[in-house]
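Please keep the model open beside them as you read.

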Amino acid sequence: MRLYGSDTSPYVRKARVLIQEKGIDCEWVLERPADPGGRFRELNPLGKIPVLERDDGEVLFDSPVIVEYLDTLSGDRLIPAEGEARWQVQKIHAMADGMLDATVARFIEGLRPEDKRMQEVMDKHAKKIHDSMAYAETLVTNRACVIGDRLSMADLALAVALEYVDFRYAHDWRSNHPLLAGWLAPLSQRSSFVSTQPPKG
Ligand SMILES: N[C@@H](CCC(=O)N[C@@H](CS)C(=O)NCC(=O)O)C(=O)O
């Protein structure tokens, strides 16, 4: 089984973190959308990463689909199969993905020449990020896990999103969200996070 994607994509990182957390046998193939060609383009008509190529030849894409499939392959489920916990975990997973979408969009707008850059667009995306952080701050009060008392995809996705904000929209969010900062710190030390950090520079 192979996972195609770059070392900077947070959507790819979600899958790589889950693969490590669950000890799944899956090869990571480094492919970047900025480079020409790439097997992922042959496999995904949307031309996006991550893409998962299974040993039976089937292909899966879009990170929520990939991580849910991988989660079924071994050990305890990080996305509960049923019950209220499933909906709560998937809600936070979706919010974290929305934070990623907003951070990517804000970053891309910021790359435009200054005279073409629209500040209101950047502010709109920044507000989504800040409001989601404030929402998450209410969930981590005195708790190690976002949903229930076990590590779940909600924790992994939210931690990936917060670290992606540090990567592409570096600013001091920790002063305004001290509980969230305290919750993230030990997760960032897990080997699944340390070994999938985006490259510096
Ligand atoms: N909803 C998708 C988003 C994936 C995505 O936007 N990936 C970016 C890299 S971070 C990409 O492949 N961009 C290239 C393109 O859109 O052409 C997912 O969760 O997998």
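**Notes on the predicted model**

1. A search of the whole structure turns up 16 salt bridges, a salt bridge being a side-chain nitrogen of Lys or Arg within 4 Å of a carboxyl oxygen of Asp or Glu. One of these pairs joins the side chains of E27 and R2, at 3.4 Å from N to O.

2. Residues are numbered from 1 along each chain as its sequence is written, and side-chain values use heavy atoms, with hydrogens and water left out. Helices (H or I, at least four residues) and strands (E, at least two) are DSSP runs, numbered from the N terminus.

3. Now the sheet. Four strands form an open sheet in the order β2-β1-β3-β4, with mixed pairing; two strands pair if DSSP finds at least two bridges between them. At the edges are β2 (27-30) and β4 (59-61), each pairing on one side only. From one strand to the next, the twist averages 20°.

4. Strand β1 (residues 2-5) and β2 run parallel and are joined by four bridges. Within this pair, L3 stands opposite W28 in β2.

5. Which strands do the helices lie across? Helix α1 (residues 10-22) lies across β1 and β2, and runs at about 150° to β1. Helix α3 (residues 63-71) lies across β1, β3 (51-53) and β4, at about 125° to β4. Axes here are lines fitted to C-alpha atoms, for helices over the stretch in contact, and angles run from 0 to 180 degrees between N-to-C directions; contact means heavy atoms within 4.5 Å.

6. Two loop residues deserve a look if you check backbone geometry. The peptide bond from I49 to P50 is cis, with omega near 5°, and P50 is found in the loop between α2 (39-43) and β3. D62, in the loop between β4 and α3, has phi near 80°, a positive value in a residue other than glycine.

7. The domain assignment of the protein chain gives domain 1 (2-71) and domain 2 (84-190), with bounds taken from an automatic or database domain assignment. Their C-alpha centres lie 21 Å apart. The contact takes 12 residues from domain 1 and 17 residues from domain 2.

8. How much area do domain 1 and domain 2 bury between them? The figure is about 1200 Å², 61% of it on carbon and sulfur atoms. Buried area is the accessible area (1.4 Å probe) that two parts lose on being put together, summed over both.

9. Across this interface of domain 1 and domain 2 the rule finds four salt bridges. On the side of domain 1 that touches domain 2, the elements giving two or more residues are α1 and α3, and α1 gives the most, with seven residues.

Key. This is a predicted model: local features need pLDDT of at least 70, side-chain atom pairs count only at pLDDT 80 or more; totals for chains, interfaces and linings use all residues.
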